[in-house]
Amino acid sequence: MPEQTPDEAISPAGAGGVMDLALEEGATLEKTPGGPEGTGPAEKPRSLWSDAWRDLRRNPVFIISALIILFLVIISIWPSLIADQDPLNCDLSKAQEGSQPGHPFGFDGQGCDVYTRTVYGARNSVTVGVCATLGVSLLGGFLGGLAGFFGGWWDSMLSRLTDVFFGIPVVLGGLVFLSVVTSSTVWPVIGFIVLLGWPQIARIARGSVITAKQNDYVQAARALGASNTRMMLRHITPNAIAPVIVVATIALGTYISLEATLSFLGVGLKPPAVSWGIDISAASQYIRNAPHMLLWPAGALAITVLAFIMLGDAVRDALDPKLR
């Protein structure tokens, strides 16, 4: 029997089978995420923030609190969406009356619609909370970050200064500071909260920066000649800001309740400004005859503070690596 040459050993059908097998293997390698032997594009590593966002989306506490806060923000910007009356339009003939058609929350001691004033009161409360939190976070984070990064006399001076501010009672300081202010806007209250609130954020930021600057990647950047500004902005701040965000989120609800407390005492927001604290103060003397005057603004304040505290707890759980 004559021997077959190498070219004759491969039949047309066999050649087609080898070609099909090669195509199938190539397609399989293209579908593999890592490519052949790990040489292809690998999956992008997840960061702390991506893991935190994934956990937050699965947390019902975060979803509920975020929806409540979103609703509060919307009615703070556009209160006329759900309240078509003027909060300063009062009728003394209806003073202390209960719920009526078109007035589900009744009327207060001056004959003003409680529902409308409750809706419009969210604007000042949310404005104070958000602006005060931003101011406290920026000022405290900046000073605390500098103290933690440079240390030395700057750290010692900031530590002694924060001790002084921590020794000032918040309510007493508000009574002294705001009693001389005649403005009825939110800005004096925001300024007072920033003045007494920054030391807490400063201490958190200082400790977080001290921890972050000891990591190997910061030491490597320093050895490669990176400037202090670059190390702070590119390497330390992104890895030290998580505790500041957690504390600031929880403190936001505290600042809202502080504004209501100061307004209740008569030194925070003042009429004709609309505030839950002002309405609670005015309703306190009618609590027996017209409890609805106190119930609705106090309930709105409690729900708002609770929503921000729940949000802060959810953010803390998501950003804390020890809970993973």
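How many helices and how many strands does the chain have? The chain has 13 helices and zero strands, where helices (H or I, at least four residues) and strands (E, at least two) are DSSP runs numbered from the N terminus. This is a predicted model, in which local features need pLDDT of at least 70 and side-chain atom pairs count only at pLDDT 80 or more, while totals for chains, interfaces and linings use all residues. Residues are numbered from 1 along each chain as its sequence is written, and side-chain values use heavy atoms, with hydrogens and water left out.

Of the 324 residues in the chain, 39% are buried, meaning under 20% relative accessible area with a 1.4 Å probe and protein chains only. Among contacts (heavy atoms within 4.5 Å) with a separation of 6 or more, 69% join residues 24 or more positions apart.

The helix α4 covers residues 60–77. Its 18 residues should span 26 Å at 1.5 Å a residue, and the end C-alpha atoms are 26 Å apart, which agrees; the expected span is 1.5 Å times one less than the number of residues. At the start of α4, the backbone nitrogen of Val61 lies within 3.0 Å of a side-chain oxygen of Asn59. Within α4, the residues Phe62, Ser65, Ile69, Leu72, Ile75 and Ser76 are buried.

A nonpolar surface patch includes Ile63, Leu67, Leu70, Phe71 and Trp78, and its members together have about 930 Å² of accessible area. Trp78 is found in the loop between α4 and α5 (114–150).

Terms used. Patches are made of residues with over 30% relative accessible area and no salt bridge: like charges are joined within 9 Å, nonpolar side chains (Val, Leu, Ile, Met, Phe, Trp, Tyr) within 5 Å. Accessible areas come from the Shrake-Rupley method with a 1.4 Å probe; for residues, only the protein chains shown count as cover. A salt bridge is a side-chain nitrogen of Lys or Arg within 4 Å of a carboxyl oxygen of Asp or Glu. Buried means under 20% relative accessible area, exposed over 50%, partly exposed in between (1.4 Å probe, protein chains only). A polar contact is a pair of N or O atoms within 3.5 Å; within protein, one must be able to donate a hydrogen and the other to accept it, and residues adjacent in sequence count only if both atoms are side-chain atoms.
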